[in-house]
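Subject: Structure handover

Hello,

Please find the structure below. My notes on it follow.

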Amino acid sequence: MGADDYLTKPFSVRELVARVAVVLRRPRTTLGHPEAVRSFGDLLVDLAAHEVRVGGRPVGLTRTEFDLLAVLSTRPGEALSRRALIDLVWDPAWVGDERIVDVHLGNMRRKLGADPNRYVETVRGVGYRMVHR
């Protein structure tokens, strides 16, 4: 599930701080990664710069909208359910109405351009997928 370490109770604060320091000292391998910039027609998603451009023009997305677009762009053509998107963007333990994904994707689509299915398609009965044309 992505955990690097764990502590059992009871634990000392000193040990917790030491383990956090070790994790923070690790090099970040995602910076400068060749796949950090993804292109879908005139849509450019730059993960390292946390920037989105359509036709060369910057698009101001919220953090959640950007995170949704980043997750979808890592798996172009793959249909992801609302629950899968919540697990990947929010948290697997998140509880609430899964339609929150629809709201954020609707806002993101509006900001990206006129055609709502140009970059992110709705897959009826399943969820959403990134269009890779």
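Is the crossing of α2 and α3 left-handed or right-handed? The crossing of α2 and α3 is right-handed. A crossing is called right-handed if the near helix is turned clockwise from the far one by less than a right angle, and left-handed if it is turned anticlockwise.

Before the rest, a note on the source. This is a predicted model, in which local features need pLDDT of at least 70 and side-chain atom pairs count only at pLDDT 80 or more, while totals for chains, interfaces and linings use all residues. Residues are numbered from 1 along each chain as its sequence is written, and side-chain values use heavy atoms, with hydrogens and water left out.

Overall layout

The protein chain has four helices and seven strands. Helices (H or I, at least four residues) and strands (E, at least two) are DSSP runs, numbered from the N terminus. Along the sequence, the pattern is α-β-β-β-β-α-β-α-α-β-β. Of the 133 residues in the protein chain, 27% are buried. Buried means under 20% relative accessible area, exposed means over 50%, and partly exposed lies in between (1.4 Å probe, protein chains only). Taking contacts between residues at least 6 apart in sequence, 41% join residues at least 24 apart. Contact means heavy atoms within 4.5 Å.

Helix pairs

Two packed helices are described by the angle between their axes and the distance between the axes. Axes are lines fitted to C-alpha atoms, for helices over the stretch in contact, and angles run from 0 to 180 degrees between N-to-C directions.

The axes of helix α2 (residues 63-74) and helix α3 (residues 82-89) come within 10 Å and cross at roughly 115 degrees. That makes α2 roughly perpendicular to α3. Angles of 65 to 115 degrees count as roughly perpendicular, under 35 as roughly parallel, over 145 as roughly antiparallel, and the rest as oblique. On the α2 side, the residues that meet α3 are T64, D67, L68, V71 and L72, and their counterparts in α3 are L85, L88 and V89. The residues of this contact of α2 with α3 divide into six nonpolar, one polar and one charged. Ala, Val, Leu, Ile, Met, Phe, Trp, Tyr, Cys and Pro count as nonpolar, Asp, Glu, Lys and Arg as charged, and the others, Gly among them, as polar.

How do α3 and α4 pack, and at what angle? Their angle is about 80 degrees, with the axes 9 Å apart. The two helices are therefore roughly perpendicular to each other. R82, L85 and I86 of α3 make the contact with V101, D102 and L105 of α4. That contact of α3 with α4 has four nonpolar residues, no polar ones and two charged ones.

I86 lies in helix α3 and is buried, with a relative accessible area of 0%. Leaving aside neighbours within four places in sequence, I86 is in contact with D91, W94, E98 and V101. I86 and L68 are 18 residues apart in sequence and 9.0 Å apart in space, C-alpha to C-alpha.

The four-stranded sheet

Four strands form an open sheet in the order β1-β2-β3-β4, with antiparallel pairing. Two strands pair if DSSP finds at least two bridges between them. β1 (37-40) and β4 (57-59) stand at the edges with a single partner strand each, so one side of each is left without a neighbour in the sheet. On average, neighbouring strands of this sheet are turned by 25 degrees against each other, direction ignored.

β2 and β3 pair in the antiparallel sense over four bridges. The bridge partner of V45 is V52 in β3. Helix α2 packs on the sheet and touches β1, β2 and β3, its direction making about 100 degrees with that of β2.

H50 is found in the loop between β2 (43-46) and β3 (51-54). With 41% relative accessibility, H50 counts as partly exposed. Not counting residues up to four places away in sequence, H50 touches F66 and D67.

The three-stranded sheet

Which strands form the other sheet, and in what order? It is an open sheet of three strands in the order β5-β7-β6, with antiparallel pairing. The edge strands, β5 (80-81) and β6 (120-123), each pair on one side only. Four bridges join β6 to strand β7 (residues 127-130). T122 has Y128 in β7 as its bridge partner.

Regards
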